[in-house]
Amino acid sequence: MRVQAAVAYQGRDRFAIEQLDLSDPGPDNILVRIAGVGLCHTDVKALEGAMRVPKPSVLGHEGAGVVEWVGERVVTLKPGDHVVLTYDSCRSCHACAGGNPAYCEQTASLNFHDARENEPGFFRKGSERIHGHFFGQSSFAHHAMAREQNTIRVRKDAPLEILGTLGCGVQTGAGAIMNSLAARSGESVVIFGVGPVGLSAVMAAVVCGCAPIVAVDALESRLSIAKHLGAAHTVLVSSGFEVAEEIRKLVSGGVNLALDTTGRAENYHLALASLATKGRFGFLTLPSAAFEPHLASIFLRGLTMRGIVQGDSVPHEFIPRLIDLYMDGRFPFDKLVTKYSLDKINHAIEDQAAGRVVKPVFTFDS
Ligand SMILES: [Zn+2]
Ligand SMILES: [Zn+2]
């Protein structure tokens with residue numbers, strides 16, 4: 001099958017739009033015609049050489065579309081189903097068997113390192129082999145091949161083109177608040193970094209009844225969106241530790257919950273300094289620089305600090321739940337989205353980096 005795709009090459013910092021041949025599917029595969037695919041920061045990091053993603057490779061891991069074909073061993077999906085594609089997992093390790101697929105022991109090999117490189121789902125350009133299977137989908141392409149564990153059937157009355165964003169960035173931010181930190185009504189929360197992940201966390205905090213919600217960012221444009229989505233207070237980052245003081249002024253005694261979406265080590269310190277007694281701090285990525293928590297402070301104030309992958313999402317349950325909330329008008333993630341065609345992908349990356357758009361989604365004419 002011939003498909004348009006965005007290809008990442010070794011040593012190049014821009015995607016190339018090319019016509020590739022997608023391999024024939026196998027008995028465990030689901031062939032999906034992509035309606036829309038979100039751009040996530042992880043795609044950009046992989047393009048730039050992070051995570052040892054083999055090149056050349058088709059990236060993209062927030063695909064949504066229509067099932068066109070299923071292999072003989074696929075039992076839960078059928079052609080015509082509307083689906084969201086999410087991260088891949090093995091289904092058999094201790095984490096997967098225990099209901100925690102986001103912490104699958106094979107996360108890196110399946111999602112980044114193309115452990116399945118010889119299985120169906122790879123691409124060719126003439127005689128050159130191009131890696132597929134990025135997050136088990138490689139959905140910066142007109143068609144993608146996934147498996148049952150990362151293909152989520154969704155209701156057909158929702159806007160399919162933008163639903164793929166729920167498969168990574170949005171479920172990460174929303175799940176961090178709703179699942180990992182288990183926010184309760186009336187708890188106060190501060191969110192460091194309100195890009196697409198942080199804004200999803202703001203919306204989830206509203207769903208949970210958190211108050212007040214405080215958003216911290218270096219971009220005024222993003223803080224104004226956070227306010228629009230329900231943040232009571234915003235703090236423009238300007239000068240280091242004053243931020244924590246500002247937060248403690250806004251929320252007397254400190255906040256119950258803090259979430260960092262930025263990976264900036266200074267924000268980890270600020271988050272812990274902002275917490276009230278027995279506050280909970282979640283972080284979504286490793287800090288960019290060395291970070292040594294003040295254990296005495298964590299101990300004496302009873303704080304919790306925990307790492308969070310994919311918002312602890314069990315995607316087959318959580319993604320349909322987020323879509324139901326959206327359709328009820330309670331989770332307006334469509335407000336984050338700007339649509340592009342796939343051939344504008346490099347332009348979209350620049351727009352996002354400059355803060356002109358929050359969440360690019362690439363759509364295809366069917
Ligand atoms: Zn696993
Ligand atoms: Zn992602």
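# Briefing: parallel sheet, zinc sites and nonpolar cores

Strands β14 (residues 255-260) and β15 (residues 275-283) run parallel and are joined by 5 bridges; strands are DSSP runs of E with at least two residues, helices runs of H or I with at least four, numbered from the N terminus. The model is predicted, so local features need pLDDT of at least 70 and side-chain atom pairs count only at pLDDT 80 or more, while totals for chains, interfaces and linings use all residues. Residues are numbered from 1 along each chain as its sequence is written, chains are lettered from A and ligands numbered from 1 in the order in which they are written, and side-chain values use heavy atoms, with hydrogens and water left out.

**Sheet**
- An open sheet of 6 strands has the order β13-β12-β11-β14-β15-β16 with parallel pairing, where two strands pair if DSSP finds at least two bridges between them.
- Its edge strands, each pairing on one side only, are β13 (233-236) and β16 (304-307).
- From one strand to the next, the twist averages 15°.

**Zinc ion (ligand 2)**
- The protein donors of the zinc ion (ligand 2) are C40 (SG), H61 (NE2) and C168 (SG), at 2.0 to 2.2 Å.
- C40 lies in the loop between β3 (30-38) and α1 (41-47) and C168 in the loop between α4 (160-163) and α5 (169-180), so this pair ties together parts 128 residues apart in sequence.
- C40 counts as buried because its relative accessibility is 8%, and C168 is buried at 7%.

**Nonpolar cores**
- In the largest nonpolar core, of 51 residues, L163, L166, I177, M178 and F331 touch the most other members; such a core is a set of buried Ala, Val, Leu, Ile, Met, Phe, Trp, Tyr and Cys residues joined through side-chain atoms within 4.5 Å.
- Helix α6 (residues 196-207) supplies the largest share of this core, 7 residues.
- A second, separate core of 48 residues includes V32, Y340, L342 and I345.

Key. Buried < 20%, exposed > 50% of the residue type's maximum accessible area, 1.4 Å probe, protein only. Donors = N, O, S within 2.8 Å, 3.2 Å for Na, K, Ca; no water. Axes fitted to C-alpha atoms, helices over the stretch in contact; angles between N-to-C directions.
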